[in-house]
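Here is a friendly walk through one protein model, with its ligand, its sheets and a few single residues along the way. Have a look at the sequence and the structure first.

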Amino acid sequence: MSSDTIESVMEESRKFFPPEAFAASAHLKSFADYETMYRRSIDSSEEFWGEIASELHWFKKWDTVLDESEKPFFKWFDGGKTNICYNAVDRHATGVKANQAAIIWEGEPGDQRVLTYRDLKREVSIFANSLKALGIKKGDSVAIYLPMTPELAIALLACARIGAVHSVIFAGFSAESIRDRVLDAQSKLVITGDGGWRRGKMLELKSVVDKGVEHCACLEHVLVIPRNVSGPRLECQMHEGRDVWYDDIAAKQSSDCPCEEMDSEDMLFLLYTSGSTGKPKGIMHTVGGYSVYTYLTSKYVFDLKEDDVYWCTADVGWITGHSYIVYGPLQNGTTVLMYEGAPNWPEPDRFWEIIDKHQVSVFYTAPTAIRAFMKWGDEWVDKHDLSSLRLLGSVGEPINPEAWMWYHKHIGQEKCPIVDTWWQTETGGILITPLPGVTPTKPGSATLPFFGVDAAVLDAEGNEVDAGLLAIRKPWPSILRGVFGDEQRFRDTYWCNWDGKYYFPGDGARRDEDGYIWVTGRVDDVVNVSGHRIGTAELESAFVEHPAVAESAVIGVPHDIKGEGLVAFVLLRGTDTNGSDQLRKELNALIAEKIGKFAKPEKIIFSADLPKTRSGKIMRRLLRDIVTGKELGNITTLADPSVVENLKSKCAE
Ligand code: PRX
């Protein structure tokens, strides 16, 4: 988050009350309702969660709601048997409800598909039987690398249906990133496609997968889904014996596939995310608690009703898409809109055109997108009728008050509440958020904790303070169950503070006089670029793989649209301290190859040295201050203070 943004957030004092008309028909209508329910969720937590869980289908009821005996490995609804696909699909695929649209999909070129709940059950069942035909069984790991087509949602649900563990890899990741994830998760199958549209270009997914899985001994098959369900397949190379076209195998499957009865604590999925050190970590989520928590948060945070058309613009490749495109909204039986492509294709009004055309009522997007729309100009918004909207959401990074106000005025027409939702891959669902008919909002604040969430702002000793580290003091049902294959990393990352008593999310926050929480951003070396989490350590280790590079340091700096952008300081081997444009190109290509194009730095600065403490630690804060032109303060702890002058002149170049 930029320092300008932090300043404007600090000064923000506007307050917006839920519109009466909204509150009158909302699931929760008054702040008093929230307070009563919240108190109960904390004081009688097990009773509370037991009642909520009973709203879903269980093949067998749980024995205990929460088992904390092996903290930090919590068990929720232990002994219970359920299936999230049953709750998201089968439950709604009966009677007249079966004819309601579950997914309305629009492709970037303008093609459309609508799947009712009945269609979805049939498609998911055929997909699940296809997985079985490829030898996939309960507990097997399946990697998914697909564009935003309905088959992406269907693939997740099909895995869940048969108890396979999905590991979705965002389709912008490179071949090497695919390899790391397939190997770490020991995936037997990769599901990909022959293409997908993005900004008028066809993404070549299959060739990236081919390169990524070259040396993955665990891999048995690659399942290739045609982008055009009834049109011609796109050209791609198929490896005899390994690769299978989805339409070929699906044609032979029955549309009857009963849901596997899953133990509540069986793994549902792995999702890789970046941390401050090392390679991305596989965040583990299990079936029961994740089902209950995504169901409840979707219901109250988005106030979902059957007749809503709900649109979350995230990609299913990230946690937001898992929880709030697929599992949460579908468990609530709502209609979900999915869009394949870019927000400004063919013109910067694509989102508003879609809202108008499909009468979207609930819209959930990211601050980086809002800032881009602001820049593109109000005229693109004004061309469209957005009166179908009743609720707006924001996620991914702190929203600066200017963007919040624009969103409120231009998209919400000053009548839609805005829910600024704070959460993470690890939390599985939204933890801090306003409730739309209930909570007065303040631009830039995620406001108050959701039911069952005991959030606090603490100092290092665990005292409550006005500004410090965000902490969650009680487990909630969708808390991560660990880092796959790395228990130590799980303990070191999330349970390193406060004697391991509370969950540490890695964010800083402050609390105001109303108890509202203002998340100020990461306190570790994780940078939030356009809402994507990128570990600077991943870039640094990619840079040093180039033979010309001796060392590097990567930092996040304020960026008008992206929130944060990456700046890389690179030290070359030998005597060259100036580098060249050619080398810059090579280094950018290296990042695209090792991580993905979206991780490309804004700027690469070749420097003769880096500011280090006497013990050899790079002073990243100082690098940030140099790049942003801030007052540098005391630099006497530096091993060699002359480095600073040199860097300043390099930055000015
Ligand atoms: O720093 C916080 C920021 O995004 C991080 C989580 O990133 P990820 O696991 O990729 O999940 C993103 C989508 C849930 C958090 O540690 N973050 C997310 N939402 C907000 C936010 N920061 C402030 N306000 C938010 N609403």
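## Two buried loop residues

A residue is called buried when its relative accessible area is under 20%, exposed when that area is over 50%, and partly exposed in between, using a 1.4 Å probe and counting protein chains only. Aspartate 266 counts as buried because its relative accessible area is 18%. You will find aspartate 266 in the loop between strand E13 (262-263) and strand E14 (267-273). Helices (H or I, at least four residues) and strands (E, at least two) are DSSP runs, numbered from the N terminus. The side chain of aspartate 266 comes to 2.9 Å from the backbone nitrogen of aspartate 263. That is a polar contact, meaning a pair of N or O atoms within 3.5 Å; within protein, one must be able to donate a hydrogen and the other to accept it, and residues adjacent in sequence count only if both atoms are side-chain atoms.

Cysteine 416 is another loop residue, placed between helix H16 (401-411) and E20. With a relative accessibility of 2%, cysteine 416 is buried too. Its C-alpha atom is separated by 25 Å from that of threonine 520, which is 104 residues apart from cysteine 416 along the chain.

## How to read the model

This is a predicted model, in which local features need pLDDT of at least 70 and side-chain atom pairs count only at pLDDT 80 or more, while totals for chains, interfaces and linings use all residues. Residues are numbered from 1 along each chain as its sequence is written, and side-chain values use heavy atoms, leaving out hydrogens and water.

## Around the ligand

Which residues are closest to the ligand? Of the 17 residues that surround the ligand, the closest are Asp420, Thr421, Thr425, Asp507 and Arg533. A residue is near a molecule or strand if one of its heavy atoms lies within 4 Å of it. By class, this shell holds 6 nonpolar, 6 polar and 5 charged residues. Here Ala, Val, Leu, Ile, Met, Phe, Trp, Tyr, Cys and Pro count as nonpolar, Asp, Glu, Lys and Arg as charged, and the others, Gly among them, as polar. Helix H12 (319-331), strand E20 (418-421) and E24 each contribute at least two residues to the shell.

A nitrogen atom of the ligand is 2.8 Å from an N or O atom in the side chain of aspartate 420, and an oxygen atom of the ligand lies 2.7 Å from a polar side-chain atom of aspartate 507. There is also a polar backbone atom of proline 398 at 3.5 Å from a ligand nitrogen atom. The ligand taken alone exposes 540 Å², and the protein buries 96% of that; these accessible areas come from the Shrake-Rupley method with a 1.4 Å probe.

## Two open sheets

Strands of a sheet pair through backbone hydrogen bonds, either parallel or antiparallel. Two strands are taken to pair if DSSP finds at least two bridges between them. Strand E23 (residues 507-511) is joined to E24 by 5 bridges, and alanine 509 stands opposite valine 519 in E24.

A second open sheet has 7 strands, ordered E5-E4-E17-E16-E18-E19-E20, and its pairing is mixed. Strand E5 (112-116) and E20 each have a single partner strand, so one side of each is left without a neighbour in the sheet. Within this sheet, E4 (residues 101-106) and E17 (residues 335-339) pair in the parallel sense over 4 bridges, with methionine 338 in E17 as the bridge partner of tryptophan 105.

## Other paired strands

Strand E28 (residues 563-572) is mostly covered, as 10 of its 10 residues are buried. E27 and E28 form a hairpin with 3 residues between them. The antiparallel pairing of E27 (residues 549-559) with E28 has 10 bridges, and glycine 556 stands opposite leucine 566 in E28. E28 also pairs with strand E29 (residues 603-606), in the parallel sense over 4 bridges.

In a regular strand the side chains alternate between the two faces of the sheet. In strand E7 (residues 165-168), Val165 and Ser167 point one way and His166 and Val168 the other way, and all are buried. E7 is joined to the parallel strand E6 (residues 141-145) by 4 bridges.
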